[in-house]
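Please look at the sequence and the model below before reading the points of this note. Each point treats one aspect of the fold.

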Amino acid sequence: MKKINIKSEYCVNCQQCENVCSNLWFKEINKEKSCIRILNENDGIKITVCSQCGECIDICPVQAIYRDANGVVRINKKDCVGCFMCVGFCPEGAMFMHPDYIEPFKCVACGQCVKVCPTGTIEIIDKK
């Protein structure tokens, strides 16, 4: 199963991961449209990204969320009814919504954030 692994102690909050993600999926640079989020909190930097745990799969009332052949949790936008139950249920807060879209969105471990991260904070691992 492909999964993003984060070493937040290396993050310098350059926001390159957020920028490349929003630009790739939504064709604009907008932190609120990124599937990875960086928060600078009092106790350090927190990075929120989907761990591919799959807990959202069972909560979806129309079975629009599934695990693909690589183990990545995905949303079938054709089947999604936009109830956002998955957003509220996600134990990591890694399912997102934006008023411009009727479906939630999340990380699909595409790896573009890994390529642009200057410090090695983000990596893709194959977790069995």
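The numbered points below go from the whole chain to single residues.

1. Basis of the note. This is a predicted model, in which local features need pLDDT of at least 70 and side-chain atom pairs count only at pLDDT 80 or more, while totals for chains, interfaces and linings use all residues. Residues are numbered from 1 along each chain as its sequence is written, and side-chain values use heavy atoms, with hydrogens and water left out.

2. Overall architecture. The protein contains four helices and six strands. Helices here are DSSP runs of H or I with at least four residues, strands are runs of E with at least two, and both are numbered from the N terminus. Read from the N terminus on, the order of elements is β-α-β-β-α-β-β-α-α-β. The radius of gyration is 14 Å, close to the 14 Å that the globule rule gives for 128 residues, so the protein is as compact as a globular protein of that length. That radius is taken over C-alpha atoms, and the globule rule is 2.2 Å times the number of residues to the power 0.38. The C-alpha trace spans about 40 × 35 × 30 Å along its principal axes.

3. Surface and contacts. The accessible surface comes to about 7,200 Å², and 51% of it belongs to carbon and sulfur atoms. These areas come from the Shrake-Rupley method with a 1.4 Å probe; for residues, only the protein chains shown count as cover. Buried residues make up 38% of the 128 residues; buried means under 20% relative accessible area, exposed over 50%, and partly exposed in between (1.4 Å probe, protein chains only). Of the contacts with a separation of 6 or more, 56% join residues 24 or more positions apart, a contact being heavy atoms within 4.5 Å.

4. The nonpolar core. In soluble globular proteins, nonpolar side chains tend to be buried together. A nonpolar core is a set of buried Ala, Val, Leu, Ile, Met, Phe, Trp, Tyr and Cys residues joined through side-chain atoms within 4.5 Å. The largest one has 31 residues, and those that touch the most other members are Ile 4, Cys 17, Ile 36, Ile 65, Met 95, Cys 107 and Ile 122. Two or more residues come from each of α1 (16–26) and β5 (73–75), and α1 gives the most, with three residues. Leaving aside residues up to four places away in sequence, Met 95 touches Ile 65, Ile 75, Cys 86, Val 87, Cys 90, Phe 105 and Lys 106.

5. Which residues of α1 are buried? They are Cys 17, Glu 18, Cys 21, Ser 22 and Phe 26. These residues lie on the same side of α1, because they cover an arc of only 120° around the axis; the arc is that of the directions from the helix axis to the C-beta atoms. They pack against β2 (37–41), α4 (112–116) and β6 (122–126).

6. Salt bridges. Six salt bridges are found in the whole structure, each defined as a side-chain nitrogen of Lys or Arg within 4 Å of a carboxyl oxygen of Asp or Glu. One of them joins Glu 123 and Lys 7 (3.9 Å, N to O). Glu 123 lies in strand β6 and Lys 7 in the loop between β1 (2–6) and α1, so this pair ties together parts that are 116 residues apart in sequence. Another pairs Glu 18 with Lys 31, with the closest N and O atoms 3.3 Å apart. Glu 18 is buried at 1% relative accessibility, whereas Lys 31 is partly exposed at 31%.

7. A charged network. Lys 33 and Asp 100 form a salt bridge (2.7 Å, N to O). Lys 33 is in the loop between α1 and β2 and Asp 100 in the loop between α3 (85–89) and α4, 67 residues apart. Salt bridges that share partners join Glu 28, Lys 33 and Asp 100 into one network. Lys 33 is itself buried, with a relative accessible area of 3%.

8. Positive phi values. Gln 63, in the loop between α2 (55–59) and β4 (65–67), has a phi near 55° although not a glycine. Ala 109, in the loop between α3 and α4, likewise has a positive phi of about 55°. Gln 63 is exposed at 59% relative accessibility, whereas Ala 109 is buried at 1%.
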